[in-house]
2 protein chains.
Amino acid sequence: MIQTHPFRFTLEHTDPMTGARAGTLTTPHGTIATPVFMPVGTQATVKTLSSHEVAELGAPIILGNTYHLFLRPGSDVVAELGGLHGFMNWKRAILTDSGGFQVFSLGATNIIDEDGVTFRSHLDGTLHRFTPERSIAIQEQLGADIIMAFDECAPYPTTAEYARAAMERTHRWLERCVAAKTRADQALFGIVQGSVFDDLRRESAAFIASQPVAGFGIGGLSVGEPKPEMYATLAATTAALPEDRPRYLMGVGSPEDLLEGVARGVDMFDCVQPTRLGRHGAAWTPEGRINLLNARWARDDRPIQEGCDCYSCAHHTRAYIRHLLRAEEMLGARLATIHNVRFLIRLMEGAREAIREGRYAAYRDSFLQQFQPVPDSVRAEQRALYGRRKERS
Amino acid sequence: MIQTHPFRFTLEHTDPMTGARAGTLTTPHGTIATPVFMPVGTQATVKTLSSHEVAELGAPIILGNTYHLFLRPGSDVVAELGGLHGFMNWKRAILTDSGGFQVFSLGATNIIDEDGVTFRSHLDGTLHRFTPERSIAIQEQLGADIIMAFDECAPYPTTAEYARAAMERTHRWLERCVAAKTRADQALFGIVQGSVFDDLRRESAAFIASQPVAGFGIGGLSVGEPKPEMYATLAATTAALPEDRPRYLMGVGSPEDLLEGVARGVDMFDCVQPTRLGRHGAAWTPEGRINLLNARWARDDRPIQEGCDCYSCAHHTRAYIRHLLRAEEMLGARLATIHNVRFLIRLMEGAREAIREGRYAAYRDSFLQQFQPVPDSVRAEQRALYGRRKERS
């Protein structure tokens, strides 16, 4: 088995009522208290924020996107400038995805075969090829603390046949990733696939767990399926996973999904929602999402959320942030982003505390009682509007 | 005379060789050491920066634009939310312009008459009217420490006849501004006009100085005239002004113009150059302006400027900032802006120290010997490219 020192996961508490877990994950760049929300820094920056600001928000770990960084500035450039940590001057932990999801969703005219994927850059149309080995080599150049196996994420909806084929390919590719990995200071996570088919999920979980991986990505969810289906599949998946390694639900990040995910034994989350919503003028409050561009805030001297400990709420009013967003001033997008990211990080800090104190179900229920989620129908419209192309970029 | 307490200007040193001045300007929101560069916060934000960051850059005073804030969010909204200081949470001094320049340069189909100017909003085409009285009333709502008289800035080139007419109107409008002013906690500056005609400049300086104004704006320069003509007109203007009040050269902000302005007795400057250039990927170094988008910086691990004390140079490489700018990540524009604004503020801090130590000419010469200014021809092209429309917005 590949040595993953100093990577270590310690499970500290499991909530008896829900299965929610509190743990710590030790990496070469610090210890991460779980459950944790990881802000997405697609192009070596969490959009609108400096590394300093992200640290101030309390994020112990962020994401980088292999597909984007490979194309621009190039993983060799990043390597030469000290890896992603040095390049963006971020001293805490980083996780990179494998590039697989973006190759399928962003890369034009991609062709998948048993060996890998050939695709055209969404930037300039140049032809590139990712294989499990290439993904690992690029991720080793980027130098994140946690790297992800190259997988195939089946679209939703799909047939059981296609879901099985993609899952089995994902398993074969994982073995190749394990064999290709050379750096001892990076931890490799495998990815459980299987679409919304519980039997496939169980089979995938068993296979991935049999491999020398330091953690489990749960892929192929939040790709269009209704929420009840997502929660059910998630529960079936985590139930089939051993308890000794962290579970990372990929690309999921609404407040309600985080809390439901934690209740189903998930330890890590990432999503572009807080940053993308912020740039579009939407902000989370305990009551639900508000549109900061709404005229009703024009003279509102309250912060986005009373009592919030983020920089934006401590210093600025809804009226000011609305003005900035209307005037298309970059500071507006930044202030809304700061609030949203802090909202999710604090939500997970609170979840952890609740789990350790044996009151997670109450914590979740109390939040969800007050919080009005965006309905699935609106969500579907938004998905169509932004296009899947942008969903995780 | 209108009471301008607690506004006070103390001239501390005048360089015997050049006429450069060091002083302090006391306002209700702090003391400003002069000469000083004032960053422009057109729409209640210095573009890309938070108030906190602007303070960290060492700016004791910033500008706000009356025209923009009147149209959006509305000066009544700003007044209700604590004036511009409260609205944007900026605790140091603010200067607002009169809106005149923007009405002429941005407002569509403006009609000027003896009483004022009728114009259409560049945002939505609605019809508005500014008069000297209205400009003062709006500036009183905005609540800046220093407010500017409503003036007519003649275009360049212009005839001596038109320049005289615009100047005389500016004088009559100043008298109306003086009469309209009601707030004792704001200082009013008059504006010297007269295009590039020395006799008109002298006549204007004498008139403005005869009025109960707390300082002198020098308007109508850097509007297209060659640099030697600008410097000569500036020298003729400051020579005709009394020494007891501060001189503010409006809309001028290249490093070389700041140093030449100080040498001709100017105390205050504002310009969008550092912020606009930063957003477009240009940055100042002691050797001149560099284009951060240039491929030669792709793997450059040096900061924009070695030894610079700004946040960007202390934390990030040219390679990283270039990547952000290429990827159109907002952080790139912010990091370049931070550097440029700090560059000008530090240039003026150094000028002040040099003046106090009697070595200003050497300070200026040593800087200009190393610094390659952008040639007038390139400047003219850029002006044509951006359009005058955007020059001071």
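How are α8(B) and α9(B) oriented to each other, roughly parallel or roughly antiparallel? The structure is a predicted model, in which local features need pLDDT of at least 70, side-chain atom pairs count only at pLDDT 80 or more, and totals for chains, interfaces and linings use all residues. Residues are numbered from 1 along each chain as its sequence is written, and chains are lettered from A and ligands numbered from 1 in the order in which they are written.

Helix α8 (residues 198–210) and helix α9 (residues 227–239) of chain B pack at an angle of about 30 degrees, their axes lying 8 Å apart. Helices (H or I, at least four residues) and strands (E, at least two) are DSSP runs, numbered from the N terminus. Axes are lines fitted to C-alpha atoms, for helices over the stretch in contact, and angles run from 0 to 180 degrees between N-to-C directions. Because angles under 35 degrees count as roughly parallel, over 145 as roughly antiparallel, 65 to 115 as roughly perpendicular and the rest as oblique, α8(B) and α9(B) are roughly parallel to each other. In their contact (C-beta atoms, placed from the backbone, within 7 Å), B:Asp198, B:Arg201, B:Arg202 and B:Ala205 of α8(B) meet B:Thr233, B:Ala236 and B:Thr237 of α9(B).

Chain B also holds an open sheet of 3 strands in the order β1-β2-β3, with antiparallel pairing; two strands pair if DSSP finds at least two bridges between them. The edge strands, each pairing on one side only, are β1 (8–14) and β3 (30–34) of chain B. The twist from one strand to the next averages 15 degrees. Between β1(B) and β2 (residues 21–27) of chain B there are 6 bridges, and B:Thr10 stands opposite B:Thr24 in β2(B). Helix α14(B) packs on the sheet, where it touches β1, β2 and β3 of chain B, and its direction makes about 120 degrees with that of β2(B).

At the interface, 31 residues of chain B are in contact with 31 residues of chain A. On the side of chain B that touches chain A, α3 (75–80), α4 (83–88), α13 (318–326) and α14 (330–356) of chain B each supply at least two residues. The largest share, 5 residues, comes from α13(B).

A rotation of 180 degrees with 0.0 Å of shift along its axis superposes chain B on chain A (RMSD 0.0 Å), by least squares on the C-alpha atoms of residues with pLDDT of at least 70 in both. The two copies are therefore related as by a two-fold rotation axis. Among the residues of chain B, B:Met330 comes closest to the rotation axis, at 3.6 Å (C-alpha).

Key: Contact = placed C-beta atoms within 7 Å.
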